[in-house]
Amino acid sequence: MEILKSEYIFSNGKILKDYLVVVDKNTVIDVDKSNLILKSYNNIKIRDLGYGVLFGGFINLHTHTELSYMKNKLPRKKGFVGWLEAMIKSKKTEEDKNTIIASAQKGIKDMASYGTVAIGDISNTLISCELLKNTMPLSVVFFENYALNKERACLVKKELQDTLIKLENGCKPIKMTPTAHSVYSTNGCLIEFLANKQPNNPFSIHFLESEYEKPFINSQGKLFELLDGYGLVDTKLNYKDIFDYLKDINAYRKKTIFVHCVEANNSDLEKIKEIDSTVCLCPRSNKFISDTLPNIYAIEKSGVNIGVGTDSLASNDDLNVLNEIRYIYKHFNIKPQKLFRWITDNPAKALNLNLGLQKNKAAYGVFFATNTPQPLEEILENQLKPLTFKVQ
Ligand SMILES: [Zn+2]
């Protein structure tokens, strides 16, 4: 057991001064005013970190570590359809498995060095289960499936019915849960199955990432034409409202992480909020792919739970979720305390994680040495790197 001392701590979504944290391994035993802790806990070693801010660790809510080998391979700012075409083309040439694993491993190691302690990792291959278990054991691996063609989608569903439990067990101690890629890549029969397989687990879906997604569910637009051109569309949809579609396929469910929401309007955000779900922002990925950004003010104003992810290195320069909020801070007038909530408490809620500097929660040591009375601004405005350490 030890007491962690730092000028400031970030606890329960707030920056606090003159507090101490009592930890035992990775569990927070107590957090309180310094004088009260010192009175209650005698003879316990104090680790004095000095002037700066202590966090329990950051969460990258949406990334694809297995795509790390694609760094610098795809074009920037070519629009979503151009990027997707390049992605499909690039996936046709099979990459060496060892290269894929080594790149994913590097991605995870880098994230840990940035102070990330858990991720929501989208995986088609499940290679990350093994890689995450020692570095970030609280992570959630979303086993992502897709198939637009109905016959293929039903086949995938049947295969999953037979194999999911075995795959889930194979991932332990990492929590694995099935998920769908998006409405434009996955037939309704498969989305329905995936969304309802584990109704209490979080479910993640790429959502309204581009201006082509709403026309797609009405069988129109460039994305529809591209996929139709590949011969993948055999179920023509005729919907004006994407939530009507989700309701019809029984996939409008609580605890969903709606990733991107670049094209979400107020009515969409209201519907996300109604089912106690989360919007995951990945603004640097949106800038990379489509040279656009989500309406973060409207999303924030809607009161919906917000988390932040980096997406993959196929559409970003690094997997540092702190850089993602630095980017938001630079382009939007949003208070630092709120931004740090978007990479701590809020994504913890989205992933059902009991993580943070609060009593009885799990926490890791992530400390930034700062010099001013505005330490969060200082971390956001400068490229400060954290000291990460094992709590004892
Ligand atoms: Zn993604």
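User: How does E7 count in terms of relative accessibility?

Analyst: The relative accessibility of E7 is 25%. Buried means under 20% relative accessible area, exposed over 50%, and partly exposed in between (1.4 Å probe, protein chains only). At 25%, E7 therefore counts as partly exposed.

User: On what basis are such values given, and what pLDDT do local features need?

Analyst: Residues are numbered from 1 along each chain as its sequence is written, and side-chain values use heavy atoms, with hydrogens and water left out. This is a predicted model, in which totals for chains, interfaces and linings use all residues, side-chain atom pairs count only at pLDDT 80 or more, and local features need pLDDT of at least 70.

User: Which residue forms a salt bridge with E7?

Analyst: A salt bridge is a side-chain nitrogen of Lys or Arg within 4 Å of a carboxyl oxygen of Asp or Glu. The closest N and O atoms of the pair are 2.4 Å apart. E7 is in the loop between β1 (2-5) and β2 (8-11), and its partner, 10 residues apart from it, is in strand β3 (residues 14-17); helices (H or I, at least four residues) and strands (E, at least two) are DSSP runs, numbered from the N terminus. The partner, partly exposed at 44% relative accessibility, is K17.

User: How many residues apart in sequence are the parts that K214 and D268 tie together?

Analyst: The side chains of K214 and D268 meet in a salt bridge, with 2.8 Å from N to O. K214 counts as partly exposed at 25% relative accessibility, whereas D268 counts as buried at 3%. Because K214 lies in helix α7 (residues 213-216) and D268 in helix α10 (residues 266-274), the separation of the parts they tie together is 54 residues.

User: Which helix holds R284, the salt-bridge partner of E324?

Analyst: The closest N and O atoms of E324 and R284 are 2.8 Å apart. E324 is buried with a relative accessible area of 0%, and R284 is buried with 13%. E324 is in helix α13, and R284, 40 residues apart from it, is in helix α11.

User: How many salt bridges does the rule find across the interface of domain 1 and domain 2?

Analyst: The domain assignment, automatic or from a database, gives domain 1 (2-56 + 357-389) and domain 2 (58-350). Contact (heavy atoms within 4.5 Å) involves 22 residues of domain 1 and 20 residues of domain 2. The buried area, meaning accessible area (1.4 Å probe) that the two parts lose on being put together, summed over both, is about 1600 Å², with 67% from carbon and sulfur atoms. A search of the whole structure finds 16 salt bridges, but across this interface the number is 0.

User: Which protein donors does the zinc ion have?

Analyst: Donors are N, O and S atoms within 2.8 Å of the metal (3.2 Å for Na, K and Ca); water is not among the atoms, so sites may look incomplete. The donors here lie 2.1 to 2.4 Å from the zinc ion and follow the spacing H-x1-H-x141-H-x104-D along the chain. They are H62 (NE2), H64 (NE2), H206 (NE2) and D311 (OD).

User: What is the arrangement of the 4 donor atoms around the zinc ion?

Analyst: Four donors count as tetrahedral if all angles lie between 85 and 135 degrees; four count as square planar and six as octahedral if opposite donors are over 155 degrees apart and all others between 65 and 115, and anything else is irregular. The 4 donor atoms subtend angles of 86 to 168°, which makes the arrangement irregular.
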